[in-house]
Amino acid sequence: MKTADLCDQYGERVRVCSLTFQSYGGKTSFYGPMTTVDVFEDNVLVREALETVPAGSVVVVDGKGSRRCALVGDRLAQIAYDRQLAGIIVHGCIRDSKEISTMPIGVVALGTCPRKSKKEGKGARDTVVYFGDIEWRPGTYVYVDEDGVIVSDEPLHE
């Protein structure tokens with residue numbers, strides 16, 4: 001599903017993220033119902049989400065755009081792949097990008113950083129987060145490809 005075609009077909013019913021993400025996973029396009037994680041330089045809740053959300057989900061991580069540490073690495077990406085998640089969107093950084101590029105899962109982020117995150121468990125799951133001029137609400141749908149990221153209140157696929 002091309003985001004450009006979905007924008008053409010659904011017009012104002014879709015919201016376009018204003019941020020430019022880099023694709024790091026082996027899949028450059030993915031979609032699904034989203035769940036959210038709201039954290040700052042701490043990935044305990046990211047791991048928890050990846051280990052518990054339903055297959056086919058997209059985990060949206062609002063890391064507040066921090067580039068001081070990575071919120072997802074190869075181990076967390078492997079958990080997402082093993083659990084058949086559709087993908088991960090990180091408003092922040094990842095690490096282990098070479099390994100993640102070989103995994104057939106969608107992973108997009110603002111960039112990379114070799115430093116690992118804190119492990120304090122601070123943050124929230126399944127809350128509304130806001131970045132890239134979009135309100136990211138759990139249960140809505142996200143579509144990602146080489147052209148960008150769009151969000152819809154309803155599924156745009158069969």
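Analyst: Let's start with pockets: a pocket is an open set of points on a 1 Å grid over the protein atoms alone, where a 1.4 Å probe fits, with protein on both sides within 12 Å along at least five of seven lines, and its lining residues have an atom within 4 Å of a point. Volume is the space filled by probe spheres set on the points, which are joined across faces, edges and corners. This is a predicted model, so local features need pLDDT of at least 70 and side-chain atom pairs pLDDT 80 or more, while totals for chains, interfaces and linings use all residues. Residues are numbered from 1 along each chain as its sequence is written, and side-chain values use heavy atoms, leaving out hydrogens and water.

User: Okay, what is the volume of the second largest pocket, and which residues lie nearest its centre?

Analyst: The second largest pocket holds about 170 Å³ of space. Its lining counts 13 residues, and F21, D145, E146, D147 and G148 are the ones nearest the centre. Strands β2 (22-23), β11 (141-145) and β12 (148-152) each give at least two residues to that lining; strands here are DSSP runs of E, at least two residues, and helices are runs of H or I, at least four, numbered from the N terminus.

User: And the largest pocket, what volume does that have?

Analyst: The largest pocket comes out at about 280 Å³. Look for 15 lining residues, with N43, R75, L76, R95 and K119 nearest the centre. Helix α2 (44-52), strand β5 (70-72) and helix α3 (74-82) each contribute at least two residues to the lining of the largest pocket.

User: Which residues does UniProt list as "binding site"?

Analyst: An unreviewed UniProt entry gives that feature to G73, D74, R75, L76 and R95. They are spread over 23 residues of sequence, yet they cluster in space, with a largest C-alpha distance of 10.3 Å. The lining of the largest pocket includes G73, D74, R75, L76 and R95.

User: Let me zoom in on G73. Where does it lie, and is it buried or exposed?

Analyst: G73 sits in the loop between β5 and α3. Its relative accessibility is 12%, so G73 counts as buried (buried is under 20% relative accessible area, exposed over 50%, partly exposed in between, with a 1.4 Å probe and protein chains only). Beyond residues up to four places away in sequence, G73 touches R95, D96 and I100; a contact means heavy atoms within 4.5 Å.

User: D96 keeps turning up. Where is the place of D96?

Analyst: You'll find D96 in the loop between β6 (87-94) and α4 (97-100). With a relative accessible area of 27%, D96 is partly exposed. Apart from neighbours within four places in sequence, D96 contacts G73 and D74. Its side chain also reaches the backbone nitrogen of D74 at 3.0 Å.

User: Which side chains does a polar contact of 2.4 Å join?

Analyst: A polar contact is a pair of N or O atoms within 3.5 Å; within protein, one must be able to donate a hydrogen and the other to accept it, and residues adjacent in sequence count only if both atoms are side-chain atoms. The 2.4 Å pair is T35 and D126. T35 sits in strand β3 (residues 30-38) and is buried, at 8% relative accessibility. Setting aside neighbours within four places in sequence, T35 contacts V53, V58, V59, V60 and D126.

User: Which residue has its side chain joined to that of E48 by a polar contact?

Analyst: That partner is R125, at 3.0 Å. E48 and R125 are 77 residues apart along the chain, while their C-alpha atoms are separated by 9.2 Å. E48 lies in helix α2 and is partly exposed, with a relative accessible area of 35%.

Technical notes:
UniProt positions renumbered as here; feature names shortened; annotations may be inferred.
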